Amino acid sequence: MPHFYVNPKNIKDNIFTIEEEQFHYLANVRRFSSGDEIKIFDGLGNSFLARIDNVTKERITGTVISAKTFQNPRVKISLYTAIPKGDRFEWLIEKASEIGIYRLIPVIYSRSVVSEISNSKFERYQKISLSASSQCSRADIMPVEKIETFESILKFSNVNMPQNTLNIMPWECEDGLSIFKILSGVDEKITYINIFIGPEGGFEQKEINAALKCGFKTVTLGKNILRVETAAIVASSLAVSYVEN
């Protein structure tokens, strides 16, 4: 069944309202009409079965039939990734959202090719994540956060919390530890897993040294060198599948 985003402000007392761009899509492209049932979600983790009651020239209104609250995973997986060239980052955002990544943070590393994101692109990335939630029936929206440098993340973020956080870095020079081996030793106190994906040119040794000093774990993704977006989705998928099993 179709699954569409509705601003939580437009869901009140079991009545929902859809306007503007989303209204145009449902009314004029998909041609929904009174009496049709759809699934809607508010981006905050709530999903609803709903019925369209009225379609005007400007909005759709309807009634919530039943509600389902999204269950947050016990372990939240964040992806700290370099930005690949071209439109490959858009593909990465879409797939990360689909497989259940908690949040995505673009990172500037020493060898990063892309080191800035314009406001227009940033807005587009938010829309891609929202669209991915609609497509895969996800009730929340994966945030695509503002770009940060790797140095600032190590100094000022919450990644350095060993009591409940595991930081993983796929690295081409690591040939012993896999993600599964690392995760098999994780205790139940871990509630956050952060995956760090380097740029096309790889991590500089000083970045690896700084990460290891902060307790990061380097892992291998196999013998082949993967592109940024491939490594990001492979590593994320392995982590998600292990955590969910």
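Start with the buried residues of helix α7: Val 228, Glu 229, Ala 231, Ala 232, Ile 233, Ala 235, Ser 236, Ala 239 and Val 240. Buried means under 20% relative accessible area, exposed means over 50%, and partly exposed is in between, with a 1.4 Å probe and protein chains only. Helices are DSSP runs of H or I with at least four residues, strands are runs of E with at least two, and both are numbered from the N terminus. What covers those α7 residues? The cover includes β7, α2, β10, α5 (179-184) and β11. Cover is counted by contact, that is, heavy atoms within 4.5 Å.

α7 itself spans residues 228-244, 17 residues in total. From first C-alpha to last, α7 reaches 24 Å, close to the 24 Å expected at 1.5 Å a residue. The expected span is 1.5 Å times one less than the number of residues.

A word on the source. This is a predicted model, where local features need pLDDT of at least 70 and side-chain atom pairs count only at pLDDT 80 or more, while totals for chains, interfaces and linings use all residues. Residues are numbered from 1 along each chain as its sequence is written, and side-chain values use heavy atoms, with hydrogens and water left out.

Now the sheet. Six strands form an open sheet, and the pairing is parallel. The order is β9-β8-β7-β11-β10-β12. The edge strands are β9 (148-149) and β12 (217-219), each pairing on one side only. Two strands count as paired if DSSP finds at least two bridges between them.

Take β7, residues 76-81. Six of its six residues are buried, so β7 is largely enclosed by the rest of the structure. In a regular strand the side chains alternate between the two faces of the sheet. Which residues of β7 sit on each side? Lys 76, Ser 78 and Tyr 80 are on one side, Ile 77, Leu 79 and Thr 81 on the other, and all are buried.

Next, the neighbours of β7. With β11 (residues 192-197), β7 pairs in the parallel sense over six bridges. There, Ser 78 has Asn 194 as its bridge partner. With β8 (residues 103-108), β7 pairs in the parallel sense over four bridges. There, Tyr 80 has Ile 105 as its partner. Further along, four bridges join β10 (residues 165-170) to β11, again parallel. Leu 166 stands opposite Ile 193 in β11.

α2 packs on the sheet and touches β7 and β8. The direction of α2 makes about 150° with that of β8. Axes here are lines fitted to C-alpha atoms, for helices over the stretch in contact, and angles run from 0 to 180 degrees between N-to-C directions. β7, α2 (residues 88-99) and β8 make a right-handed β-α-β unit. Right-handed means that, with the strands pointing away from the viewer, the path from the first strand over the helix to the second runs clockwise.

On to charges. The structure holds 13 salt bridges. The criterion is a side-chain nitrogen of Lys or Arg within 4 Å of a carboxyl oxygen of Asp or Glu. Glu 200 and Arg 88 meet in one, at 3.3 Å, N to O. Glu 200 lies in the loop between β11 and α6 (205-213) and Arg 88 in α2, so the pair ties together parts that are 112 residues apart in sequence. Glu 200 is partly exposed at 34% relative accessibility. Arg 88 is buried at 16%.

Arg 227 forms a salt bridge with Glu 229, with the closest N and O atoms 3.8 Å apart. Arg 227 is exposed, at 51%. Glu 229 is buried, at 7%. Salt bridges that share partners join Arg 88, Glu 200, Arg 227 and Glu 229 into one network.

Two last residues. Pro 143 is in the loop between α3 (119-136) and β9. Pro 143 is partly exposed, with a relative accessible area of 35%. Not counting residues up to four places away in sequence, Pro 143 touches Tyr 102, Arg 103 and Leu 104.

Ser 133 is in helix α3. Is Ser 133 buried or exposed? Buried, with a relative accessible area of 0%. Leaving aside neighbours within four places in sequence, its contacts include His 3, Phe 41 and Ser 97.
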